[in-house]
Amino acid sequence: MNKGWKWFWSVVIGAPILVFVAWALWDNERLFLVTFLNGLTLASLYFIVAAGFTLVFGLMRNVNLAHGSLYLLGGYLGFFTAQATGSWLLALAAGFLGAALVGLIMQVSIFRFMQGEDLRQTLVTIGLSIVIADILMWIIGAQVHQMDAPAWLSGPLRDLPVIRAYSKYRLMLLPIGIAIGVALWFFLNRTRVGMMIRAGVDDRGMLSASGVNVNVLFAVTFAIGAGLAGFGGVIGAVELSMVPGEDVRLLLASLIVVIIGGMGSVVGAALGATILGLAETYGLAYAPTYSVVFTFVILALVLAFRPRGFLGRPA
Amino acid sequence: MLNRGQAAVALSLPTLPANRGLSLISGIRARHVAVLVSLLAFPWFATPFFTFQIGAQSLALGLIALSLTFLGGYGGMVSLAQMTVAGIAGYGVAIFGAAASADTAISLGWPWWLGVLVAIAIATACAAFIGWLSVRTEGIYTIMITLAVGVAFYYLCLQNYSVFNGFQGFQRVHAPSVLGVNLRDPLPFYYLALFWSLAGYFFVKYLLRAPFGIALQGIRDNPRRMNSLGFNVTAHRVAAYAVAGVIAAVGGVLLVWYNGLIGPGSVGTSWLINILIIAVLGGMRHPIGPFLGAVVFVLLQTFAIDLIDRERFNLVIGGVFLVIVLFSPDGLLGWWAGIKSKVSTPRGGVR
């Protein structure tokens, strides 16, 4: 695309958004800003879950369609840990470690034996997601579970300008998402394992040839990716509710986030999550019956003009 | 390597059209005749329950899965949105025609044949659009994008009340009566489903040996080479989605008449994946696979209640699917081929 076309498209896409923002601010600035915060905090949750998804895909080319099930598993583990111990932080740890352990078992016992068979791995994850979802429903039941926010985060934050009050817990999602993003960036760019993962994303064969035990690396990455899904599950267990079907919702969100942002790119996941989170919440606030259509239109536009997503690279 | 060789051999086939008609007739074996006769005679021996619930449902689901087998097995594009295409056709039948479903103000009440034709046309157009979106990416990306499209359509049906009637969907969408024959009855409906399934089966069989099908298989095996040979890869792939869309749409019309209703649940994730399960269960190497898979699926679905708790059907079907994917990637057909080769070479040496 040359410069003229870039200008053309940024006007075609940007102008309606600017007009909408101006109108919405003039019409009801409180609704607009609250929706903005809701969008960003939802994006933060989406980012945490999708980052694990994209990390696993980037290194192993494994589209883990059981990622949503791991999210739900983490949420339930967190819920029952919090019930037993009363500690939110312990719940977070339990969600992360539990999902990571299941992910590790999946990688070591199944995926290790079908390396390079992308399609078959994906089919296996579909089978696993059905089985995990049904076992969870068997043990826990189909009723809605909702976790309480920890005492120091419950209730609204008052006396804010314009928007007046906003849920403390919801606001807390934003720094958590940013912290996870920074930690992940640090891990990938400043540690030895992260260096290996990046090298593996670029060229798996070469990494293995230079003496790195790729199997261990794969297992570690899969565990971290699955753990992030479980971590997101505990966070989402307070804000959203846990019920069979949520796994599919978060899986869809992860898919769209990484399609928009680009597969295998953590920065892309942050970008995609922001776009999806904002689009979803604004859609729900301003045009409830068609909110899904917005998401879909964005997906179609991105695929039409950037088939690999904003920051994706050729596979 | 083997695949490329096969493609090269296959590529030379269409240049000998004179042999084709002959080979079609001489290719008929006793087992083909036996299967056809038993399919035709089936409802005369079976109870109406078996004819309708097992027979007709398997055929309708098999037809939808056939579209996936065509796309996935021969085009190399595993699409999870085939049930979405079928669902669009089903919704179309409910929205345009279906005077019987007078419980909503949405149905337009067109003559049934017009409604069905328009529904199939719209579903095909949507399939081509989904194809156009997803062929821009390759391999496993296709699964993700089609899954995203399918789930997005599910949420659209769920949330939209002005066109799709939201959570309720449409009830009492029944097959019409034609020339005094009520297609709702088990026997006529079975033959209707059988006719369209056979039509779909032979259509796919024919297409696979036509130049278009050969080119498609070449593109599956090596898109770059086909591109440099002058084939338009993208156009062939989108066309394959459209062809599969027609098959899925016909299956969708049959399925909505079978169920008598359509709603978000009919196009939900579990059904998107069920179609994949049916296709993989049967085997994606031959167009008979999806029908085989559909029979097994429907039998499991119907009789799993007797084996274990009704609620645990997903566990059974998910487990069966896992076992097949883990141990027999070519599905039941692969199993069959394995047994056959073992029988024909008893000492288990050379194949």
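Trainee: Which residues of α13(B) are buried?

Mentor: This is a predicted model. In α13(B), the buried residues are B:Gly289, B:Pro290, B:Phe291, B:Leu292, B:Gly293, B:Ala294, B:Val295, B:Val296, B:Phe297 and B:Val298.

Trainee: What makes a residue such as B:Phe291 count as buried?

Mentor: The cut-off is 20 or more other C-beta atoms within 10 Å of its own.

Trainee: How do you know that the length of helix α13 of chain B fits its number of residues?

Mentor: Helix α13 covers residues 289-307 of chain B, 19 residues. The expected span uses 1.5 Å times one less than the number of residues.

Trainee: Where is the kink in α13(B) centred?

Mentor: The kink is centred on B:Gln301. Its angle is about 35°. That angle lies between axes fitted to the seven residues ending there and the seven starting there.

Trainee: What makes residues of chain B and chain A count as in contact?

Mentor: Their C-beta atoms, placed from the backbone, must lie within 7 Å. By that rule, 32 residues of chain B are in contact with 29 residues of chain A. On the chain B side, α7 (140-159), α12 (269-282) and α14 (313-327) each supply at least two residues. The largest share, 11 residues, comes from α7(B). By class, this side has 22 nonpolar, 8 polar and 2 charged residues.

Trainee: Which domains does the assignment give for chain B?

Mentor: Domain 1 runs over 73-267 and domain 2 over 273-342. Taken over C-alpha atoms, their centres are 22 Å apart. Their contact takes 8 residues from domain 1 of chain B and 7 residues from domain 2 of chain B. On the domain 1 side, α5 (82-96) and α8 (186-209) of chain B give two or more residues each. α8(B) gives the most, 4 residues.

Trainee: Why should some parts not be read in detail?

Mentor: Where pLDDT is low, the predicted coordinates should not be read in detail. Over residues 1-19 of chain B the pLDDT is below 50. Among the elements of chain B, helix α1 (residues 2-12) has the lowest mean pLDDT, 42. Helix α11 (residues 233-259) has the highest, 90.

Trainee: What does chain B average in pLDDT?

Mentor: Chain B averages 79, and 85% of the residues score at least 70. The model scores ipTM 0.76 and pTM 0.81.

Definitions and conventions
Residues numbered from 1 in each chain as written. Chains lettered and ligands numbered in written order. Predicted model: local features only at pLDDT ≥ 70, side-chain atom pairs only at ≥ 80, totals over all residues. Domains from an automatic or database assignment. Contact = placed C-beta atoms within 7 Å. pLDDT = per-residue confidence, 0-100. Nonpolar A, V, L, I, M, F, W, Y, C, P; charged D, E, K, R; others polar. Buried ≥ 20, exposed ≤ 12 C-beta atoms within 10 Å, placed from the backbone.
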